[in-house]
Amino acid sequence: MTTIVVAMGEKNEIGSDNQLLWHLPKDLKHFKELTSGHPIIMGRKTYESIGKALPNRTNIVVSRKKDWFQEGVLIVGSIKEAVKFAKKIDENIFIIGGGNIYEQTMEIADRLEVTLVKTQLKADTFFPKINSKIWKLSEEICHEKDEKNQYDFCFQTYERING
Ligand SMILES: NC(=O)c1ccc[n+]([C@@H]2O[C@H](COP(=O)([O-])OP(=O)(O)OC[C@H]3O[C@@H](n4cnc5c(N)ncnc54)[C@H](OP(=O)(O)O)[C@@H]3O)[C@@H](O)[C@H]2O)c1
């Protein structure tokens with residue numbers, strides 16, 4: 001199973017200036033629960049935005065740079081290679097962004113784990129449109145904002161139709 005994980009606003013916005021648009025500890029916890037123990041694949045810019053390897057998961061970073069090295073992460077030159085290595089480690093792999101990587105992996109994903117954040121913010125990076133002819137919403141759990149989580153949001157699972 002290849003799963004895309006994303007948190008996006010109502011306009012599919014996901015980032016600005018190589019950062020996330022919100023601070024939602026409940027979503028970070030959800031992300032950790034989904035991905036811990038499984039390989040995660042990300043673009044070089046998302047890796048730089050996080051700034052370190054995430055613990056308890058094999059971190060695979062995709063980059064075309066030839067002379068780029070980071071401690072504690074597996075760097076590969078293509079998405080195909082990233083998926084090949086990840087699948088050798090575990091059948092369940094997670095693609096964690098960013099926008100550029102999502103665009104290129106929607107067609108190979110079996111499932112989308114979306115956090116829909118109930119806001120519209122200025123952004124420079126977006127998630128591709130989720131085509132309802134291809135994706136079916138199979139589960140939705142919503143949470144209201146509180147003192148630590150600044151927006152209402154819903155955890156949504158989409159499954160590929162006839163996938
Ligand atoms: N809200 C969310 O859930 C979420 C999740 C993740 C990221 N984000 C946000 O998204 C933004 C970053 O996304 P982004 O679209 O700018 O960048 P990105 O997808 O993280 O990374 C793009 C980089 O990946 C490498 N790359 C992409 N396709 C490749 C391919 N086919 N083969 C080899 N390397 C490839 C290239 O690295 P090189 O330039 O090194 O060659 C490219 O510059 C940030 O704002 C971040 O905070 C949000």
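By its relative accessibility, does Asn 12 count as buried or exposed?

A: Asn 12 counts as buried, because its relative accessibility is 18%. Buried means under 20% relative accessible area, exposed means over 50%, and partly exposed is in between, with a 1.4 Å probe and protein chains only. Before going on, please note that this is a predicted model, where local features need pLDDT of at least 70, side-chain atom pairs count only at pLDDT 80 or more, and totals for chains, interfaces and linings use all residues. Residues are numbered from 1 along each chain as its sequence is written, and side-chain values use heavy atoms, leaving out hydrogens and water.

Asn 12 sits in the loop between β1 (2–8) and β2 (13–15). Such helices (H or I, at least four residues) and strands (E, at least two) are DSSP runs numbered from the N terminus. Although Asn 12 is not a glycine, its phi is positive, about 70 degrees. Asp 17 is another residue other than glycine with a positive phi, here near 50 degrees. You can find Asp 17 in the loop between β2 and α1 (25–35). Asp 17 counts as exposed, because its relative accessibility is 64%.

Now let's turn to the ligand. There are 29 residues around it, and Ala 7, Arg 44, Thr 46, Ser 63 and Asn 100 come nearest; a residue is near a molecule or strand if one of its heavy atoms lies within 4 Å of it. The backbone takes part too: a backbone N or O atom of Asn 100 is 2.7 Å from a ligand oxygen atom, and a polar backbone atom of Gly 99 is 3.1 Å from an oxygen atom of the ligand. For Lys 45, a backbone N or O atom lies 3.4 Å from a ligand oxygen atom. The protein buries 88% of the 930 Å² that the ligand exposes when taken alone; these accessible areas come from the Shrake-Rupley method with a 1.4 Å probe, and for residues only the protein chains shown count as cover.

Gly 98 lies in the loop between β6 (93–95) and α4, and the peptide bond from Gly 97 to Gly 98 is cis, with omega near 0 degrees.

Finally, the rings. The whole structure holds three aromatic pairs. Rings of Phe, Tyr and Trp (its six-membered ring) pair if their centres lie within 6.5 Å; planes under 30 degrees apart count as stacked, over 60 as edge-to-face and the rest as tilted. This pair links distant parts of the chain, 25 residues apart: Tyr 102 is in helix α4 (residues 99–105), Phe 127 in the loop between β8 (125–126) and β9 (135–143). Both Tyr 102 and Phe 127 are buried.

How values were computed. A polar contact is a pair of N or O atoms within 3.5 Å; within protein, one must be able to donate a hydrogen and the other to accept it, and residues adjacent in sequence count only if both atoms are side-chain atoms.
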